[in-house]
Amino acid sequence: MTTATPRTAVGRRGRFGDWPIAVTFLGPAVLAAVLLRLWPAARAVWDSLRSTPFGLAPTTWVGLDQYRWLFTDPAFLNSLKVTALFGIVVNPLQIAVALALAVLFNERIRGVGLMRTLVFLPVAIPQSVSAVIWAVAFRPDGPLNGVLALFGLGGLRYLTSPGQALASIVVVVSWIGVGYWMMFLIAGLKEIDPNLYDAAALDGAGRWARFRYVTVPQLRRQLAFVLVADTVSNLLLFAPVQILTKGGPDGSTDVLMNDIFERAYTEADVGAAAAATVVLTAVALAIVVVQFRLLSSGKD
Amino acid sequence: MAAGARGGRVGMALLGGLIALLFFLPLWWALAGALRSEQETFRTLSPVSLWTLIPGQPTLGNFASLVHGGFGRAMLNSAVVTAATLVVGLAICSTAAFGLAVLRFPGRTTVFAVMVVSFLIPFDAIAIPLSALFRDFELQNTHLGLVLPGVGNGFAVFLLRGFFLGVPKELAEAAHVDGLGWWGIFWRIYLPLSKPAMVGAGLILFVFQWQAYLWPLLIAPSPAMKVAPVAIAQLSGERGADFGAIFAGAVLTALVPLLVLLFFQRYFTQSLSGSGTKG
Amino acid sequence: MATSTADRAADRRGRCRARGVARRRVLAAVVAAVLPGGCGAGASDGDGTTTLTFVNAQDQGTFDQVIAGFERANPGIRIRQEVVPFDDLNSAVQYRLLSEDPGVDLFDVDAPRLAAFAARGFLVDLGELGERARGRVDPEALAGTTYRGRQYALPRWTSTQLLYYNRGLLDKAGVAAPPGDPRSPMTWEDVAAAGRAAQAAGARWGLAFDQIDRYYQLQPLPESLGGGPGLTGPDLLTPQVANPAWVRAFTWYASLFEQGVAPRGVSPEQTGPLFASGNTAFFVGGPWNADAFDQARGLDYDVAPFPVFAGGRPASSTGSWATGVSPFSRHQEAAKEFIAYLALDPTGAWEASSRNIPVQVDAFERYLGTLRGQGGRSARLAEVVAHELASNAVARPRTVGYVTFETAMNKAFADIRNGSDPERRLRAAEAELTRAMAKYRG
């Protein structure tokens with residue numbers, strides 16, 4: 001690395017490298033991250049070790065008992081399970097669909113700009129409104145079943161069935177999210193040198209081979225971003241669940257963040273909500289560390 | 001061969017159009033709901049017919065009641081807060097990403113870890129202690145209080161850092177030889193090359209702020225500071241919801257990003273290789 | 001005390017001004033037009049006027065009249081409203097009070113949640129105002145806003161439930177209209193049967209509930225069978241939601257959805273439009289629903305008393321919003337003045353009633369008188385309301401654990417509607433609540 005650095009730069013870099021200039025570049029962002037995210041998160045760790053009997057001050061020290069209590073709560077254990085199931089389904093699905101759409105909408109088609117925008121648009125309206133729209137669409141007497149009836153098919157139960165509710169939530173959040181992730185992948189596709197495709201075509205590579213051996217490797221950076229950001233976003237997601245099902249029926253859609261929201265905002269159980277938040281952040285961290293490992297090992 | 005390619009293109013255009021239409025259909029229904037009475041919206045729900053999607057007796061009444069209820073103010077607040085977040089956030093996030101991708105200094109890994117951890121923390125779960133802090137600093141009911149949490153976005157830093165890492169080092173080195181400092185390199189070389197990535201980072205900042213709900217609820221309760229998502233949520237009360245006005249609100253909130261995005265499309269068609277820096 | 005408050009207010013104004021400058025500099029490039037809003041909240045203005053902030057979740061315009069009336073009578077006090085979306089009122093108020101926000105002077109509290117707010121020290125004891133209320137406010141409602149013998153808020157409204165029916169749909173099915181006499185309600189079993197008959201004759205739905213899945217509206221079902229409100233024991237912290245009466249009530253309830261008499265998958269916001277669009281035979285809801293139904297084109301409806309189970313006793317939902325004062329308010333005396341006006345003054349209580357049933361005795365008589373004066377359907381509605389409130393109202397349990405209880409029960413009701421076995425689900429809720437309520441017994 002240093003060998004590639006020209007003499008001028010080396011000359012300026014002392015023992016502390018670009019430290020003074022780095023402070024000016026990174027200072028505001030680090031300050032924002034520490035003050036607006038890490039500090040309140042540290043507060044949550046502290047809060048999680050204290051009990052607030054229905055929000056009453058003063059609080060009492062309960063230490064790790066809070067976590068012990070949490071991990072024996074069937075509702076919390078259920079939400080861990082639902083979150084895992086949700087993540088396993090929704091992340092690969094969203095990334096695959098977003099990638100397919102990005103490739104399609106990267107073609108030179110008439111009106112492609114408008115098409116992209118229409119697919120992106122759902123993320124731009126308030127989630128409460130998205131939820132209202134889908135609450136009506138999913139009604140057993142609603143338009144989705146109406147369309148099925150036109151084809152002579154029986155209706156589904158959607159949000160009213162413990163077996164179909166999570167899948168319905170996946171549909172809603174994918175409708176919202178797919179266009180958003182697609183945009184990042186399209187930006188990545190635009191960076192790929194068209195000469196690479198021409199060369200591959202000369203070698204007789206078909207459409208699939210060009211996708212497999214040119215597009216995917218060249219898109220690695222954007223795909224890595226989408227993989228990490230999408231996974232984390234879905235882990236932290238709760239608004240559609242909170243509005244559409246409140247975690248039901250029978251707890252089948254009670255993702256972890258919804259559980260936290262309820263403890264924090266409805267019940268005002270500050271201690272338990274903080275402990276659950278710590279657990280969620282730890283889970284997110286573990287997943288991201290694994291993803292980083294996989295991505296960097298795949299590079300070599 | 002050429003005819004086949006053209007045929008393929010037509011097929012893809014049809015497929016693309018169909019997919020775009022499917023994604024847009026729920027919003028179209030909301031648009032139709034904004035332009036008719038609530039009674040008509042629900043009456044035409046079942047069985048499904050063309051009238052489910054087309055207002056039989058169009059009216060602008062929903063928009064009128066929305067505007068009468070002070071929604072214009074809320075839209076303006078949302079626009080101001082989001083615009084400020086975009087400008088300040090892009091500045092903060094792009095400089096930080098540059099620092100992480102290009103500069104060499106001890107503790108770089110730690111700083112990167114801080115940025116990553118910052119986007120793993122569920123903001124809505126820590127909003128409560130943070131809002132108490134903001135209140136102590138008298139940031140309640142201020143635009144600044146609404147803007148601040150959106151400006152340091154770890155996702156945006158992460159995205160831009162990835163992009164900057166892909167910019168060939170030789171460019172910076174050549175500029176260094178020409179006597180350009182780090183700020184000059186950032187401003188004259190990295191930024192002009194990064195328009196697509198900046199648009200992406202802008203999307204992240206935009207969506208965070210445009211969708212913000214819980215934070216404004218906690219920190220900006222004054223009617224004068226209301227933002228659009230909160231104003232729309234207010235249309236759904238204890239004793240029923242004004243669906244027509246909710247849909248009208250959705251149409252208006254979708255309109256701004258629609259226009260902005262159509263405008264920024266051209267930056268997506270611009271590519272690194274196109275500007276002759278790669279290959 | 002007075003001086004320090006004044007100092008603090010002056011200091012606050014100074015800081016507000018300084019902050020305004022700094023902020024303007026930051027955002028000047030973005031916008032110059034849209035500014036302030038924040039300063040002056042909860043502070044005394046320079047000319048000696050006091051501005052009070054009143055946090056509530058009512059529809060726009062609900063309090064315009066009473067605020068105008070109060071400001072006319074009290075030129076030194078101005079009322080500023082902060083309206084929060086209904087679903088978020090309790091959490092928003094809760095967290096602002098937890099951080100001792102002086103920006104809240106007055107706030108709305110739903111009667112059953114009062115105990116939890118009072119226990120946390122989030123409400124000022126209204127003391128002498130409670131004495132003055134005696135004889136002027138419905139005693140039931142007044143009792144509903146006390147905690148451990150102290151008056152922590154004054155009730156503004158009450159509510160009740162009645163049975164709406166679509167005359168055209170019942171005629172078409174050859175079903176007799178329910179008797180209008182408040183003393184002879186239909187049975188739930190008959191309502192379901194009549195609803196099915198109407199469906200056979202073309203109605204889409206037989207019966208719809210307004211506040212579907214919500215404890216508020218479903219509490220009367222087990223109460224009608226003598227099953228109690230679901231909480232017993234000292235301080236009402238012991239759940240009892242799976243006794244035979246509860247199981248019977250919710251087995252019947254589940255059958256409505258199982259048989260398709262009532263719709264699944266419809267949220268409380270969408271239930272009113274079901275009846276308003278004219279294809280639902282029966283609808284149970286509050287008097288407030290009548291406004292929307294009157295405006296619905298082509299809807300021929302009438303009202304009857306809230307149903308009762310065969311062999312059970314009549315029971316109907318009640319209770320509504322009360323207004324209290326925050327202990328962190330810097331203008332508690334002025335805030336009490338406003339509460340006195342909107343809850344005790346006959347004119348104020350009438351102005352504050354909007355479309356609701358006032359609990360101030362004179363305003364309540366005026367409410368009934370107005371409806372009776374309109375004759376016909378409105379007069380019948382007035383008779384049902386008067387009778388239900390006087391004889392059948394069952395209040396929600398007043399306990400610090402109410403929020404936990406209601407949250408768990410609403411979920412159980414939703415699951416039962418969606419097909420969970422009623423008995424098993426109620427037992428699960430009881431077990432869950434036994435565990436969750438333990439923290440309040442401490």
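**Notes to all views.** Residues are numbered from 1 along each chain as its sequence is written, and chains are lettered from A, with ligands numbered from 1, in the order in which they are written. The model is predicted, local features need pLDDT of at least 70, side-chain atom pairs count only at pLDDT 80 or more, and totals for chains, interfaces and linings use all residues, while side-chain values use heavy atoms, with hydrogens and water left out.

**View 1. The interface of chain C and chain A.** In this interface 25 residues of chain C are in contact with 28 residues of chain A, contact meaning heavy atoms within 4.5 Å. The two chains bury about 2300 Å² between them, 49% of it on carbon and sulfur atoms; buried area is the accessible area (1.4 Å probe) that two parts lose on being put together, summed over both. Arg120(C), Arg435(C) and Lys439(C) supply 25% of the area that chain C buries against chain A, more than any other three residues. The rule finds three salt bridges across this interface, a salt bridge being a side-chain nitrogen of Lys or Arg within 4 Å of a carboxyl oxygen of Asp or Glu. Asp73(A) and Arg435(C) meet through their side chains in a salt bridge, at 3.9 Å from N to O. The polar contacts counted at the opening are pairs of N or O atoms within 3.5 Å; within protein, one atom must be able to donate a hydrogen and the other to accept it, and residues adjacent in sequence count only if both atoms are side-chain atoms. On the side of chain C that touches chain A, helices α3 (89-98), α12 (268-276), α18 (402-417) and α19 (422-441) of chain C each supply at least two residues, and the largest share, five residues, comes from α18(C). Helices (H or I, at least four residues) and strands (E, at least two) are DSSP runs, numbered from the N terminus.

**View 2. The interface of chain A and chain B.** Here the contact takes 97 residues from chain A and 96 residues from chain B, and the area buried between them is about 8700 Å², of which carbon and sulfur atoms give 78%. In chain A, Phe25(A), Arg37(A) and Tyr265(A) lose the most area to chain B, together 10% of what that side buries. The rule finds zero salt bridges between chain A and chain B, whereas 11 residue pairs are in polar contact, both at pLDDT 80 or more. Helix α2 (residues 19-48) of chain A gives the most to the side of chain A that touches chain B, with 20 residues.

View 3. Val256(B) lies in helix α15 (residues 243-269) of chain B, counts as partly exposed at 30% relative accessibility, and touches Met75(B) and Trp210(B), not counting residues up to four places away in sequence.

View 4. The structure holds 38 salt bridges over all chains. The side chains of Arg68(A) and Asp65(A) meet in one of them, at 2.8 Å from N to O; being three residues apart in helix α3 (residues 65-70) of chain A, they are separated by about one helical turn. Asp213(C) forms a salt bridge with Arg417(C), the closest N and O atoms being 3.0 Å apart. Asp213(C) lies in the loop between β9 (205-209) and α9 (215-218) of chain C and Arg417(C) in helix α18 of chain C, so the pair ties together parts that are 204 residues apart in sequence. Both Asp213(C) and Arg417(C) are buried.

Methods:
Buried means under 20% relative accessible area, exposed over 50%, partly exposed in between (1.4 Å probe, protein chains only).
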